[in-house]
Amino acid sequence: MPSEKRVYKIATIPGDGIGVEITEAAIQVLDKLAAVDGTFSFQWNEFDWSSKNFKERGWYMPPDGMEQLKKFNAIYFGAVGWPDVADHISLWGLILPIRNSMNQYVNVRPTRILRGITSPLSQCAKQPRDLDWVIVRENSEGEYAGQGGTTHGHTPHAVATEVSIFTRVGIERIMRFAFDTAKLRPRKKLTMVTKSNAQRHGMVLWDTIFHEVAKEYPDITWDKMLVDAMTVRMVNQPQTLDTIVATNLHADILSDLAAALSGSIGIAPSSNLDPTRGCPSMFEPIHGSAPDIAGKGIANPVGAFWSAAEMVRWLGNGELDHVADGLMEAIEKVTETGVKTRDLAGSSNTKEVTEAVCKEIEVVLGKK
């Protein structure tokens with residue numbers, strides 16, 4: 001008797017701008033992937049939590065939004081943000097509460113130069129493999145803890161505080177995840193990013209706990225970089241880096257630089273993970289809602305597809321790695337043939353790239 005097909009229940013939050021377009025494209029590709037593989041399928045449930053609806057209703061998520069999301073195996077997120085809603089309102093109204101409430105304390109952002117894509121770094125144009133990184137971002141506290149406030153906000157004497165929170169528990173668990181990630185990679189190398197020369201309390205604790213955890217991983221080669229010097233190293237010596245661990249803010253900024261160095265922010269994926277698997281993890285491209293190109297059908301869906309591959313890998317927990325690898329191979333076959341959007345110096349639109357990837361999935365997974 002054939003084994004029963006697995007059904008993964010996925011909550012989708014397309015959100016705003018091109019988030020809607022790339023989520024639709026990702027669903028099309030994932031359904032094709034499932035159909036070709038034949039051992040699993042997806043059950044989709046869309047949530048209309050967007051800035052447009054926020055303007056009409058006054059909320060992004062209903063009071064029971066988190067309880068609704070907990071019923072799913074994973075969350076696929078498009079983008080949030082629109083010019084007529086302040087950025088801090090959209091961010092704190094949707095994605096940050098999900099990350100915090102769902103215990104998604106790890107954000108993983110892999111970066112490499114896909115075949116057919118050119119890096120602005122001249123050395124990587126000759127040696128693309130010189131840029132192959134995984135950035136591990138602390139995703140639950142640090143500079144995005146939301147602590148602080150404003151006093152006398154509407155007067156000339158306004159005072160605002162933004163308090164970064166660094167806890168032993170939060171630092172220790174992200175460092176262990178980073179070391180474990182480095183352990184699975186061929187080079188077994190980890191770079192820790194800090195700014196403890198200037199931030200003498202929270203970041204000194206960050207450094208201290210890193211050194212404590214490092215003793216448990218004698219097989220990992222590690223080094224330490226101040227965040228400002230790290231930007232220079234990423235540009236001038238990309239081949240010296242492999243796995244990188246940084247705080248919520250630092251990794252957010254560095255991963256955008258990493259995406260640009262790999263060819264375009266439009267190709268960059270991310271995973272918001274609850275390593276305990278007690279809550280659903282969330283997967284999203286990092287490019288944002290891009291209001292300037294929304295509705296034009298030209299958004300780059302590669303970051304959405306790469307995020308989808310990471311979702312499949314996570315859902316399978318080791319059993320669907322070959323399927324995720326197949327999707328990545330299909331993506332690279334498409335970019336290699338020149339089917340690319342404008343941000344990658346191509347002329348194809350979102351639909352054309354999506355259809356090309358779907359066709360390659362059939363070839364790669366052996367069903368022509």
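Asp 48 sits in the loop that joins β2 (40–46) to α2 (51–57). Helices (H or I, at least four residues) and strands (E, at least two) are DSSP runs, numbered from the N terminus. This is a predicted model, in which local features need pLDDT of at least 70 and side-chain atom pairs count only at pLDDT 80 or more, while totals for chains, interfaces and linings use all residues. Residues are numbered from 1 along each chain as its sequence is written, and side-chain values use heavy atoms, with hydrogens and water left out.

Asp 48 counts as partly exposed because its relative accessibility is 41%; buried means under 20% relative accessible area, exposed over 50%, and partly exposed in between (1.4 Å probe, protein chains only). Not counting residues up to four places away in sequence, Asp 48 touches Asn 53 and Arg 57, where contact means heavy atoms within 4.5 Å.

Ser 51 belongs to helix α2. With a relative accessible area of 1%, Ser 51 is buried. Its contacts, leaving aside neighbours within four places in sequence, are Asp 16, Tyr 60, Val 80, Gly 81, Trp 82, Val 85 and Ser 90. With Tyr 60 there is also a polar contact between the two side chains, at 2.7 Å. A polar contact is a pair of N or O atoms within 3.5 Å; within protein, one must be able to donate a hydrogen and the other to accept it, and residues adjacent in sequence count only if both atoms are side-chain atoms.

Next come two pairs of helices. Helix α1 (residues 18–37) packs with helix α11 (residues 321–336) at an angle of about 125°, and their axes are 11 Å apart. Axes are lines fitted to C-alpha atoms, for helices over the stretch in contact, and angles run from 0 to 180 degrees between N-to-C directions. The two helices α1 and α11 are therefore oblique to each other: angles under 35 degrees count as roughly parallel, over 145 as roughly antiparallel, 65 to 115 as roughly perpendicular and the rest as oblique. On the α1 side the contact is made by Val 29, Leu 33 and Asp 37, and on the α11 side by His 322, Val 323 and Leu 327.

Helix α6 (residues 168–184) and helix α7 (residues 202–214) cross at roughly 45°, their axes coming within 9 Å. The pair α6 and α7 is therefore oblique. Residues that meet here include Ile 171 and Phe 179 in α6, and Leu 205 and Ile 209 in α7. The C-alpha atom of Ile 209 is separated by 41 Å from that of Asp 48, 161 residues away along the chain.
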